[in-house]
Amino acid sequence: MLRYLLKRLFWMIPMLIGISLISFFIMHLAPGDITSTESAFDPKSSEESRQKLRELYNLDKPVIVQYGLWMQRLVKLDFGHSFASHQRPVFWAEKDKDGNVTPGMIQEALPITLLMNIAGLLITLSIGIPLGVMAAKRYGQWPDRSITLFNFIGFSIPGFWLSLLLMYWLGVIHPWFPISGMHSLNYEQLGFWQKGQDLFMHVFLPVVIPSITGLAGITLFVKNGMLDVLSQDYVTTARAKGLSDRTVTYRHALRNALLPLITLIGLSLPGLIGGSVIAETIFAIPGMGKLFYEAVMMRDFPVVMGILTIGSALTLLGSLLADLAYAWADPRLRKGVMPNR
């Protein structure tokens, strides 16, 4: 296992370099750059000023040279500074000569995205797994048909349409929940419990709506896994020994049915960090998804590359963790025996 782990970690380095190289070149194939974006808001800008900006940002150099300069900083875990006028650091906070600390852009957005996406994942798993088990146990009956209908609706509803619909219904027609931002204007004057309630009300819709659309996939995944496992011989043997239906379902069948779900959860790790562009943009949540969208629109290459690099590294790491968790959950893999599927 240790040899396998070291081999996978070694191959992650060239794969990460290849992904960053392709991403860097594709991004520079898009028309325009930060200088054209900034000059669009300044009617007095001249071609000379744009050329000076290009020299300042090293955009006048060949793409391969720009990539080499970026890699030199990346080796030091320095993602550079934003091309925007504020010139904030992309990832790590920095302290100036006067001792003032400037927080990194990703450093500010990452905790918000983690809070929302981990909460959404917990909601999805806590509801989707029981529904999938129920659909498998009552296969062909009305609970299974009702859950299947719900899955079709969940797969069919676009996330942005549901977000706008619930925003209008629950935020405008019936103003139960705020529809923008993370806090109220008087957030700093609130007490501890009032702050928690205010935060909950603001993130309720951005968390619940992606959970509804993702619930259908988890439910169907668990249902198909349970149907496959419940037909296995060892489940029939467990029932023949007189074990209760609850013990057979949750202690024997469910554990093996959830093995494919481990891979799905491992590959969802980049999504937990990357955020939801649609939900965060619609609800004006200052998370990673909104930051990435704004950076792409502004042609802010350092921010885009910083988020893409982190997402790529987490994708490779999530795949590795999923394989290790698979081997931990299934003793046959640790012994080099492939299960018959």
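Start with the salt bridges: a search of the whole structure finds three. A salt bridge here is a side-chain nitrogen of Lys or Arg within 4 Å of a carboxyl oxygen of Asp or Glu. This is a predicted model, where local features need pLDDT of at least 70, side-chain atom pairs count only at pLDDT 80 or more, and totals for chains, interfaces and linings use all residues. Residues are numbered from 1 along each chain as its sequence is written, and side-chain values use heavy atoms, leaving out hydrogens and water.

Select Arg 88 and Glu 108. Their closest N and O atoms are 2.9 Å apart. Arg 88 sits in the loop between α4 (63-75) and β1 (94-95), while Glu 108 belongs to helix α5 (residues 105-137). Helices (H or I, at least four residues) and strands (E, at least two) are DSSP runs, numbered from the N terminus.

Next, pick Asp 144 and Lys 223. Here the closest N and O atoms are 2.8 Å apart. The pair links helix α6 (residues 142-156) to helix α8, 79 residues apart. Buried or exposed? Both Asp 144 and Lys 223 are buried: under 20% relative accessible area, with exposed over 50% and partly exposed in between (1.4 Å probe, protein chains only).

Now go to Lys 290 and Glu 294, which form a salt bridge at 2.5 Å, N to O. Both lie in helix α14 (residues 288-298), four residues apart, about one turn of the helix. Glu 294 is partly exposed, at 37% relative accessible area.

Finish at helix α7 (residues 159-173), which has 15 residues. Its buried residues include Leu 162, Leu 166 and Leu 170. The buried residues of α7 pack against α8 (192-230) and α13 (277-282).

Definitions and conventions
The expected span of a helix is 1.5 Å times one less than its number of residues. Contact means heavy atoms within 4.5 Å.
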